[in-house]
Amino acid sequence: MKKLLLLSLLVVFGLASGFSQNGKIEFEEYDLDNGLHVILQQDHTTPNIVVSVMYHVGSKNENPELTGFAHFFEHLMFEGTKNIPRHQYDKYVSRAGGELNANTSTDRTYYFEMLPSNQLALGLWLESERMLHAKVEEIGIKTQKGVVIQEKKQRYDNPPYGTILPQTMAHAYEKHPYRWTPIGDEEHIRNAKDEDFMNFYKEFYVPNNAVLTICGDFEKAEAKKLINDYFAEIPKGTKKIYRPNIVEPKKTAEVRDTVFDNIQLPAVIQAYHIPAVGTSDFYAVDMLSKLMTDGKSSRLYKELVDNQQKAIQLMAFPMPYEDPGLTLAFGIPNMGVDPKALEDEMDKEFAVVRDELISDREFQKLRNKIENELVSSNSTIAARAENLATAYTYFKDTERVNKELEKYFAVTKEDIRNVAKKYFVPENRVVLYYLPKQK
């Protein structure tokens, strides 16, 4: 009944909001001669637009001796351009009543502006300037080195539990570049030469390694003309773009370690190797993670927080990486509870899901939750722009944004049990104990 109501609402508002009558996102895509992929998605429900560019570069594309570059460029690309003075880039957007931001992952870097719909030309000009004329020069590099190093200290080195992700990745991977995180190594950033950054820019921040997405209240004819005006003359990149093809060796033994941190309560981290995002097993793994820790009615929460009171916090989430990644299960023991006791109980709950099919009630609850989340994930033009760009960047198939629900709904109870047996086993994981430093 709920699904029928949802589809009915999408039919009513579909023409204005960019959804077709069957509830699918409608978009147009094409390529410029320089290789830039363009995605246009109209939504006339509000007088706003999102202009975004996703570059297919993340921390996994970096030289192991020069890590942190993709995240560094997330900052540097706001420094200014040939035609935009330093520290003025964001002011163009704020004066127009908009906002902008960027983020970097292991696999891609994403820049966007949300603007009033009459500022389409501004958004396209800003992104074209960033692509063609970014200032990769001594003063900006020196400034951003300080900013990035300080960010690492504030977000990773100093906060309690801040090093969990870097420590987990370093323990989980021996060869694959996922063994370092986007923040990179402080010494690599500090010691890198200006020419190292310039070479990175020339290789990765080029039209043939990017997706330009416009979502919102615009007219296609005007948008296509402006895109041609601002982007068509940008030269195609001439350097060979590095795509690592390193395959992490199959794990045959558990990796276990202890990390002493400035914390009050210990933590137990279990990281299981899982398949890449978009694979059929990934969808089953995601459903399993939701079953175990998503919400107060989840299995681990009910048993270990409510019933046994062995934990004050529990979570598990898969990392949607382009190459095979991890699912992190994280627990903080209650006062006086030994971390080993909590780990043993977590293991028992995963053993149950390996041995027994989940109930029909739990299975339907999972499907309902996923349906609601997918609808919400595409409900705004900002989210839709990023989802469209991600689908093309990772899979070269933008239409995947309309296939996600059927991918999840193809997962059976047996599939969930099978991925539990295949991936959520001791020999396929890292276990870290975070313990308070001795005073």
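Biologist: How many of the residues of H10 are buried?

Modeller: Buried means under 20% relative accessible area, with a 1.4 Å probe and protein chains only. By that cut-off, 12 of the 14 residues of H10 are buried, and the helix is mostly covered. Among them are Phe282, Asp286, Lys290 and Met292. This is a predicted model: local features need pLDDT of at least 70, side-chain atom pairs count only at pLDDT 80 or more, and totals for chains, interfaces and linings use all residues. Residues are numbered from 1 along each chain as its sequence is written, and side-chain values use heavy atoms, with hydrogens and water left out.

Biologist: What comes just after H10?

Modeller: Gly295, which takes a positive phi of about 100°.

Biologist: At what angle do H4 and H9 pack?

Modeller: Axes are lines fitted to C-alpha atoms, for helices over the stretch in contact, and angles run from 0 to 180 degrees between N-to-C directions. Helix H4 (residues 120–133) and helix H9 (residues 220–231) pack at about 25°, with axes 9 Å apart. Angles under 35 degrees count as roughly parallel, so H4 and H9 are roughly parallel to each other.

Biologist: Which residues of H4 and H9 meet?

Modeller: Contact means heavy atoms within 4.5 Å. On the H4 side, the residues include Leu120, Leu124, Ser128 and Met131. Their partners in H9 include Ala223, Ile227 and Phe231. An α-helix has 3.6 residues a turn, so residues three or four places apart point the same way.

Biologist: Where do H11 and H12 run relative to each other?

Modeller: Their axes come within 11 Å and cross at roughly 145°. Leu300 and Glu303 are among the H11 residues in this contact, and Met346 and Phe350 among those of H12.

Notes: Helix = DSSP H or I, 4+ residues; strand = E, 2+ residues; numbered from the N terminus. Parallel < 35°, antiparallel > 145°, perpendicular 65-115°, else oblique. Buried < 20%, exposed > 50% of the residue type's maximum accessible area, 1.4 Å probe, protein only.
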